[in-house]
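Here is a short note for a colleague who is opening this structure for the first time. Please read the points in order, with the model in view.

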Amino acid sequence: PFRNLIQAPEHSFPVVLIIIALYVKEGDTVSQFDSICEVQSDKASVTITSRYDGVIKKLYYNLDDIAYVGKPLVDIETEALKDSEEDVVETPAVSHDEHTHQEIKGQKTLATPAVRRLAMENNIKLSEVVGSGKDGRILKEDILNYLEKQTGAILPPSPKAEIMLPPPKPQDRTIPIPISKPLVFTGQDRTEPIKGFHKAMVKTMSATLKIPHFGYCDEVDLTELVKLREELKPIAFARGVKLSFMPFFLKAASLGLLQFPILNASVDENCQNITYKASHNIGIAMDTEQGLIVPNVKNVQICSVFEIAAELNRLQKLGSAGQLGTTDLTGGTFTLSNIGSIGGTYAKPMIVPPEVAIGALGSIKALPRFNEKGEVYKAQIMNVSWSADHRIIDGATMSRFSNLWKSYLENPAFMLLDLK
Amino acid sequence: MLIPFSTKNCFQLLYNLKVPAAGFKNTVKSGLILQSISNDVYQNLAVEDWIHDHMNLEGKPVLFLWRNSPSVVIGRHQNPWRECNLNLMREEGIKLARRRSGGGTVYHDMGNINLTFFTTKKKYDRMENLKLVVRALNAVQPQLDVQATKRFDLLLDGQFKISGTASKIGRTTAYHHCTLLCSTDGTFLSSMLKSPYQGIRSNATASIPALVKNLLEKDPTLTCEVLMNAIAAEYAAYHQIDNHINLINPTDETLFPGINSKAKELQTWEWLYGKTPKFSIDTSFNVLYGQSHLEIRVFIDIKNGRIEICNIKAPDHWLPLEICDKLNSSFIGSKFCPIETTMLINILRRTSPEDDELHSKWNILCEKIKGIM
């Protein structure tokens with residue numbers, strides 16, 4: 001036998017209840033049958049509903065409090081009648097339920113608020129209605145019977161009353177003319193403080209804003225790469241790796257960074273010193289449930305395209321499970337954002353400090369282009385949008401890097417020449 | 001929102017299921033037996049919610065049979081950090097679920113049967129249901145010594161707990177559900193239900209450990225299939241209905257309109273962790289510094305699953321006070337969650353001065369803090 005299999009709570013006194021959920025607060029309007037709260041009583045979770053229509057005047061408990069049977073739970077103020085006509089005043093209706101104890105303040109009548117409202121809506125004096133309930137209490141049926149006698153018709157019941165009504169008699173039914181109501185939008189604005197992770201994002205973005213960004217965009221013809229990938233996909237799959245376009249983009253970027261190492265650098269806060277990073281730890285912006293997360297592939301400069309693909313698979317799997325470790329998330333030197341996987345053509349990516357450059361890849365679209373012979377062909381076009389820190393990187397550098405990167409991708413065979 | 005949806009409508013929809021015509025006579029008078037074809041704990045809990053909210057059980061009680069792939073299910077008012085090993089569960093891919101009924105924590109796998117008895121509030125009677133289960137067990141194995149206790153547990157041979165109970169009572173309907181241990185993986189569950197988290201102070205409902213045993217260990221003929229059929233048969237006999245188990249698909253929106261959004265809600269962070277009653281943590285961890293160990297004290301107050309007060313105290317010579325303060329204030333309002341913590345510390349690192357020693361300290365701190373979540 002083994003321990004700790006099924007466990008039970010320690011509370012064993014049925015009269016002690018814990019408020020485990022609160023659905024109303026003071027000032028709220030409630031209707032009969034609305035849920036007020038949920039209490040836990042020795043393994044049972046019980047929902048307590050309102051017996052009346054009205055406004056919550058006082059809540060005797062907060063969430064997680066211990067509640068006691070027999071003590072007040074909530075004070076509900078029922079609506080007072082608008083007319084100054086006398087109403088039948090009676091001793092307060094106090095309920096001694098097993099689990100709830102509700103007190104009503106305000107006008108006390110021989111009818112529930114729902115019944116009183118129905119009478120008011122139809123301009124009926126309660127004193128003229130004969131109550132058929134206990135102690136002469138006026139019920140909904142009494143109001144309707146009274147009306148029937150007066151007008152010879154049965155009014156369509158209000159939605160809440162539907163539960164208690166006897167079925168209408170078909171021959172007496174007259175359908176009232178529907179009144180059109182103006183459309184009312186009751187949505188409300190909601191303000192909440194920015195906290196936690198989002199607050200931290202605000203901090204990062206503020207730091208990013210200090211960097212003067214300049215943008216550079218270009219179009220890349222991936223027709224050849226698309227063909228190449230189709231060939232290589234099954235081989236990678238046979239080795240257990242899913243091959244997307246990203247490994248090619250990363251490797252080409254790394255080859256470019258070898259020629260333009262300033263793009264793989266880092267500047268300190270006051271832009272006094274620049275550090276040329278030896279490793280190409282290229283980050284991939286990933287969209288997860290928590291938000292944007294940027295894990296990076298380490299040392300792309302010594303990885304083969306296949307190795308990069310395998311590593312991306314690993315990071316993607318961890319990313320969706322929310323299990324990316326600190327090592328994967330730190331030490332990045334350059335970032336590529338694949339926003340194109342969601343959509344879009346152009347972007348203005350924001351640099352992730354302490355890096356100095358970032359590229360955003362648009363989606364790959366089939367578009368008509370001209371070849372060297374001047375003929376139109378179906379090309380696979382992707383747009384890239386680069387942003388770089390203009391304090392240390394100039395337009396010419398960015399342009400040359402982009403051209404080199406582009407040439408590797410447009411002629412994949414060219415990559416072979418410079419592959420390390 | 002209450003959608004009036006009587007059992008009669010449900011039947012008509014069930015008629016459309018591929019049910020063998022032979023066993024299907026028009027005799028479902030006063031009761032219904034359902035069995036889920038899904039082993040997803042969230043989908044199955046959603047079925048309970050759906051039946052509780054939408055079915056009119058007047059004169060037509062329902063028995064629902066279900067099993068789940070490995071999951072830990074905590075009660076409505078419990079604290080998952082205190083009840084189970086969340087880190088281990090994440091590693092092993094074991095799901096965490098919070099049910100809507102009260103009570104304690106349970107481990108589910110395919111060797112555990114879940115039974116839910118749906119009735120009107122008036123007909124709610126847990127002891128009646130448990131007696132029915134005992135009769136079913138004895139019908140299969142007359143020598144079996146199973147008894148219901150005053151706390152609605154089922155004990156085997158007077159000492160081993162084989163079933164625990166919880167329930168939910170609404171305005172007009174109620175349900176009582178209980179587990180039944182047939183062939184659950186004992187070592188696995190012991191490790192999952194042992195919390196490694198120290199220093200938690202909370203008013204949440206605590207679970208009571210119990211000595212347990214699988215029915216299969218007592219008698220190899222008592223498999224899940226055998227027992228589910230026996231209980232269904234006993235239920236059918238008791239309510240004088242046709243002994244027919246209706247298989248249901250908890251993702252079928254035509255049968256259960258709105259059920260997929262119920263299942264989704266049960267998986268949200270806000271439900272699973274955010275509903276934890278407020279608690280505080282008072283603990284510490286050690287970091288290696290040169291040749292010695294440094295103690296870092298941690299005081300955190302958590303409400304609705306989010307950090308309200310954060311006081312991580314590291315010695316000033318290891319981590320400068322202003323950096324510690326920055327860390328503490330950044331955590332306020334953040335979810336008490338390792339994923340969000342990773343992202344937060346990551347972002348803090350980016351906006352801090354570049355200093356390798358400091359960065360490695362950030363890393364160490366990050367891993368340690370995540371460890372207590």
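1. Start with the elements of chain B. Chain B has 13 helices and 20 strands. Helices (H or I, at least four residues) and strands (E, at least two) are DSSP runs, numbered from the N terminus. This is a predicted model: local features need pLDDT of at least 70, side-chain atom pairs count only at pLDDT 80 or more, and totals for chains, interfaces and linings use all residues. Residues are numbered from 1 along each chain as its sequence is written, chains are lettered from A and ligands numbered from 1 in the order in which they are written, and side-chain values use heavy atoms, with hydrogens and water left out.

2. Of its 373 residues, 58% count as buried. Buried means under 20% relative accessible area, exposed over 50%, and partly exposed in between (1.4 Å probe, protein chains only). A contact means heavy atoms within 4.5 Å. Take the contacts in chain B between residues at least 6 apart in sequence: 72% join residues at least 24 apart.

3. Look at strand β5 (residues 71–74) of chain B. Both of its faces are covered. B:S71 and B:V73 are buried on one side, B:V72 and B:I74 on the other. In a regular strand the side chains alternate between the two faces of the sheet.

4. Which strands pair with β5(B)? Two strands pair if DSSP finds at least two bridges between them. Strand β6 (residues 95–98) of chain B runs parallel to β5(B), over four bridges. There, B:I74 stands opposite B:R98. Strand β7 (residues 106–108) of chain B is antiparallel to β5(B), with three bridges. In that pairing B:V72 stands opposite B:Y107.

5. Move on to strand β8 (residues 112–120) of chain B. Nine of its nine residues are buried. Strand β4 (residues 62–66) of chain B joins β8(B) by five bridges, antiparallel. B:L63 has B:F117 as its bridge partner in β8(B). Strand β13 (residues 173–181) of chain B is also antiparallel to β8(B), through nine bridges. One of the bridge pairs is B:N114 with B:T179 in β13(B).

6. Now the interface. How many residues does each chain bring to the contact? Chain B gives 70 and chain A gives 54. Together they bury about 5300 Å², 55% of it on carbon and sulfur atoms. Buried area is the accessible area (1.4 Å probe) that two parts lose on being put together, summed over both.

7. The interface of chain B and chain A has two salt bridges by the rule: a side-chain nitrogen of Lys or Arg within 4 Å of a carboxyl oxygen of Asp or Glu. One of them joins A:K43 and B:D153, with the closest N and O atoms 3.2 Å apart. Helix α12 (residues 338–350) of chain B supplies the largest share of the side that touches chain A, nine residues.

8. A strand pair also crosses between the chains. Strand β6 (residues 44–49) of chain A and strand β12 (residues 165–169) of chain B are parallel, over three bridges. A:S45 has B:K168 as its bridge partner in β12(B).

9. Last, one residue of chain A. A:S407 lies in helix α8 (residues 395–410) of chain A. A:S407 is buried, with a relative accessible area of 18%. Its side chain reaches the backbone oxygen of A:L404 at 2.6 Å. A polar contact is a pair of N or O atoms within 3.5 Å; within protein, one must be able to donate a hydrogen and the other to accept it, and residues adjacent in sequence count only if both atoms are side-chain atoms.
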